[in-house]
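Please consult the sequence and the three-dimensional view below while reading.

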Amino acid sequence: MSALPKPHLIMTKTRTTGEESGLPGARHIRSSRNDRPYHYMVHSPHFAYEEYAVHLGQYDRLSFYGPAGAPPVTVHLYDCRSDSPEYDRKLEIDVPADGSCVLAVPPGYAHWFERLETVTTRNDYSLHAPEDPSSAWSPFDDNATYAVTDMNRSRPRAVANTVELPTPAQFLVSKVVSRSWLGGATEQGVVASAEIGGELHRYFIDRDLAGQQPDLPRSQLATVNAAVGSYQSIRDDSYGIGSNVENGLADTMVHDIPEAWPPCFSAHPNLTLKLSPLLYDNPEMELQLIDRRADSPTFGASQVLPFPRDARVVLTIEPGVLMRARGNGTLHYRVEYEVHDSGGARLPELFVPVPAGGPLPTFEAPGSALPGEVVRELAYR
């Protein structure tokens, strides 16, 4: 099988929502077709990379999101593929921190970053296996690191994987990682062994994060709740952010928040939305939420809820809730979603604009959530 492409830049696509939306002017930045798993890395103002990383099987596709005026991220790359005619070649590239480009880094290229402070990275990655099935490789242990000073003196030699795993297998690996991060995990955990009843058992013991969890906004609606999502605390108060939905999908949004309430609400009759901010420091924003789901015990109730400012918090809004936003500043946020069966309709009704000054609709209870592979097919369209 031929080698994978060299590192390259891909332009992203952007779509802007209209005035009929409860989040008018929000920009949807498409860094992928949602046909690959993803994760985000949220970097604090004092974060700095100190090492090069080399993957044998993970093909990174990195996009960067920073506050207004953030300088470009400098990416240093070394070709460490032992069979490459360009082995030992160094590349250096500046990538804008506005989400406009995706940098593709194939397996076997060592990479190191500068100017990631306050910048969030999205990685739409794919996983590749070795051509030789007898080769020892695990997607859960695919990150060799080398100090920058060591790497600048000499480069390791790597045999990069080239056989892409089937899509369901890639999402299964992503799901395993995300579930292991539910409610918070750290990189400081240790593996311990204990003999019980004559059998040796191995355990992963993690640092207690109970006293370091974020504050949660309190919802009064039965159809809206806030919780700590799937994340890994890395270092310097920075976080890896994983998926909170079975299908593993997420969209990246940027919203210039209006100070006044927009003239329309957004309603999502067959979508459960999971919203979370993306940067380390996020502006203040509040949502007006009205429960219009017929079977809800809080049907008709309204609440103005502060939008979470911590990237570890996930706000879940179930189908049949009206939503609109106001605030001050530019918000980067993630939308994860579950699509529900619409009772026989060919395609579920996903979005309904509702004028704020008119009569409010009532929505029936949604059907069951569609399987992940079905939702991914809808997302490709």
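The side chain of H43 reaches the backbone oxygen of V119 at 2.7 Å, a polar contact (a pair of N or O atoms within 3.5 Å; within protein, one must be able to donate a hydrogen and the other to accept it, and residues adjacent in sequence count only if both atoms are side-chain atoms). The model is a predicted one, in which local features need pLDDT of at least 70 and side-chain atom pairs count only at pLDDT 80 or more, while totals for chains, interfaces and linings use all residues. Residues are numbered from 1 along each chain as its sequence is written, and side-chain values use heavy atoms, with hydrogens and water left out.

H43 is located in the loop between β4 (38-42) and β5 (51-54); helices (H or I, at least four residues) and strands (E, at least two) are DSSP runs, numbered from the N terminus. With 1% relative accessibility, H43 is buried. Buried here denotes under 20% relative accessible area, exposed over 50%, and partly exposed in between (1.4 Å probe, protein chains only). Not counting residues up to four places away in sequence, H43 touches Y49, L116, T118, V119, T120, T121, S238 and Y280, where contact means heavy atoms within 4.5 Å.

**Salt bridges**

The whole structure contains 18 salt bridges, each defined as a side-chain nitrogen of Lys or Arg within 4 Å of a carboxyl oxygen of Asp or Glu.

| Pair | N to O distance | Relative accessible area |
|---|---|---|
| D88 and R155 | 2.7 Å | D88 34%, R155 19% |
| D236 and R235 | 2.8 Å | D236 30%, R235 29% |
| R334 and E336 | 3.6 Å | R334 1%, E336 0% |

D88 is partly exposed, whereas R155 is buried. In the salt bridge of R334 with E336, R334 is buried and E336 is buried as well. D236 is partly exposed, and R235 is also partly exposed.

**Strand arrangements**

Strands of a sheet pair through backbone hydrogen bonds, either parallel or antiparallel. Two strands are taken to pair if DSSP finds at least two bridges between them.

M285 stands opposite G327 in β27.

An open sheet of seven strands has the order β2-β3-β21-β28-β23-β26-β18, again with antiparallel pairing. Its edge strands, β2 (13-16) and β18 (224-228), each pair on one side only. β18 runs antiparallel to β26 (residues 313-317), and five bridges join the two strands. Here A227 stands opposite V314 in β26.
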